[in-house]
Amino acid sequence: MTKPQIPAPESGGYTRSEITASILSSSSSCSSSSSPRAWGTPELFRSSPVTESASFSVRNRVTKGIESLMDIMAEEDIYTKDGTVTIRGDPADKTKTGNWKSCRFILGNEGCERLAYYGMGTNLVNYLKIRLNQGSVAASNNVTNWSGTCYITPLIGAFLADSYLGRYWTIAIFSVVYVLGMTLLTLSASVPGLKPSCENDKCHPSTSQTAACFVALYLIALGTGGIKPCVSSFGADQFDETDEAEREKKSSFFNWFYLSINIGALIASSVLVWIQMNVGWGWGFGIPAVAMAIAIVFFFSGSRLYRIQKPGGSPLTRIAQVIVASFRKMNVEVPADKTHLHETADAEGTIKGSRKLEHTDKLPFFDKAAVEIPTDNIKGNTDPWHLCTVTQVEELKSIVRLLPVWASGIVFSTVYSQMSTMFVIQGNTLDQHMGPHFKIPSASLSLFDTLSVIFWAPVYDRVIVPYARKFTGKERGFTQLQRMGIGLVISIIAMVVAGVLEVIRLAIVKKNNYYDLEYIPMSIFWQVPQYFLVGCAEVFTFIGQLEFFYDQAPDAMRSLCSALSLTTVALGNYLSTLLVTVVTKVTTQNGKLGWIPDNLNRGHLDYFYWLLAILSLINFLVYLWIAKWYTYKKATGVAH
């Protein structure tokens, strides 16, 4: 007697009728077999002859049982298996929630929020110079310090999201703070008494007016910080990682997410910067405030469609428990067979909203926290400060493995920050005319960075990935680490190009004695290549970083890891401030003007670009070693 075969389905799955027919056919064959030991023959049929009516009755009951089982399986299959729920707390139905139908609201929200942020931040260095009467170095440092804070505060939002509030409510609460900050900034630039008084193109801000401006800026920094680490992760949560089809779409989501950021930035760096320089700062800041209000409307409009990941408790507590337990068992030997390490027997992990993680061999010291010793179980209870699960240990290992990759992004972010500082100041010295009557503000050149991202993001997704996949055999074309490395190389080229342009500009100044000329006869559009290259580098490094930190983060720590990736931008801004401060201090000794004087025609901004290019090259070489060392995480089981 041969075992009956169920034919492979053409569509990737079996229908209820196909499975039922196949099993019934098996039962019929077995029942009629002369051998009582025939494959599949139930014990009921072996004990006595089966009459035709009895056989029909049993077959009928089997049919109903199978159909009930299939109904249960079908019902379970429509729900996500990554632990996400609806806004009401019910299990998330794949057919009614998530996927691209909810992501359009998230992308709309992000586009409007970024329009608000860049509409206010892109030209901020000029606002500080014109309205608050600050010099080039002071204005540049204030912008980079503020921008850096915008990328440090995500740690606050991420901790609250992962631990207590969840991503949905964290975004909602901090959006209100954001709007308050935008409103105060608009008032400080437009309401008499709050805005500085100006005459003959010279403004005289009072201490209170300056304070109002900076209070507004740092309210915005707090608001955007609460949102930043949550929105990209919240969007990725809309795709079930346990579902292969949805997992493939999630990779595309990060490209389209970054594209929506740059559509907002495009409008900000073109239309809004022009309004600020030609119509007024009140309108220039008021429109971004309205855009932020629209972003909130977008976000709440999709509430019933969202899949929401439940907060898993404080990740910092779990990390501390592993460290403490490891040191308590410093002298305990880790077993050679890692299956003896402590882990729950269930498919579900003990951490809410998180799948279990498989053991990895690197960083073996922390495995000591999962070694069971007799004193760990007191009265049947396990104290997590003495004994941790393998998943909890691997959470800490995942964070430690991410740190070197994270550190390598700081220098890249320093290069990126030059678009809102040194590129703008350099552009202020060039001919900004487009035709006889129209002048393009130097800060508006950042729109070419945006156009570059808008061009390269879909090209990467639709052209480069399929082409690279043919050669690498990888689902995403490149690994995330390879993608980020390519971006680092492009950033080096961008700094070299910016340096070459400054060498040429200074040569024209020297040749024609243009030292005291406000605008030299050289088109500002010669800056386009350096902006375009930075935009290309962003598509590879920043988007790759977003995806990498989401994928490699433990399930219950994704907001925190997204915030960690954003802090590279903060530290990049702070490093830029430090470099400018040190360079200015060193190069202005003995009465010299230095590399970056207020009159760039008498400085050497090109030396500063060469310094950044060298730092970027060293950073890339270190990154190659880091990437070779890295071990990817392995998740297993289901979340609860």
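Is Ser-252 buried or exposed? In this predicted model, Ser-252 has a relative accessibility of 17% and therefore counts as buried, since the cut-off for a buried residue is under 20% relative accessible area. Ser-252 belongs to helix α9, which spans residues 244-278. When neighbours within four places in sequence are set aside, Trp-100 and Asp-461 are in contact with Ser-252. With Asp-461 there is also a polar contact, made between the two side chains at 3.3 Å.

The largest nonpolar core comprises 146 residues, and within this core Trp-146 and Phe-608 touch the most other members. The element that gives the most to this core is helix α16 (residues 528-552), which supplies 13 residues.

On the surface, a nonpolar patch is formed by Trp-274, Val-279, Trp-283, Ile-287, Met-434 and Phe-438. Together these residues have about 590 Å² of accessible area. One of the patch members, Ile-287, is located in helix α10, which covers residues 281-301. Ile-287 counts as partly exposed because its relative accessibility is 32%, a value in between the limits of under 20% for buried and over 50% for exposed. Ser-252, at 17%, is by contrast counted as buried.

Terms used
Residues are numbered from 1 along each chain as its sequence is written. This is a predicted model: local features need pLDDT of at least 70, side-chain atom pairs count only at pLDDT 80 or more; totals for chains, interfaces and linings use all residues. Side-chain values use heavy atoms; hydrogens and water are left out. A nonpolar core is a set of buried Ala, Val, Leu, Ile, Met, Phe, Trp, Tyr and Cys residues joined through side-chain atoms within 4.5 Å. Buried means under 20% relative accessible area, exposed over 50%, partly exposed in between (1.4 Å probe, protein chains only). Helices (H or I, at least four residues) and strands (E, at least two) are DSSP runs, numbered from the N terminus. A polar contact is a pair of N or O atoms within 3.5 Å; within protein, one must be able to donate a hydrogen and the other to accept it, and residues adjacent in sequence count only if both atoms are side-chain atoms. Contact means heavy atoms within 4.5 Å. Patches are made of residues with over 30% relative accessible area and no salt bridge: like charges are joined within 9 Å, nonpolar side chains (Val, Leu, Ile, Met, Phe, Trp, Tyr) within 5 Å. Accessible areas come from the Shrake-Rupley method with a 1.4 Å probe; for residues, only the protein chains shown count as cover. A salt bridge is a side-chain nitrogen of Lys or Arg within 4 Å of a carboxyl oxygen of Asp or Glu.
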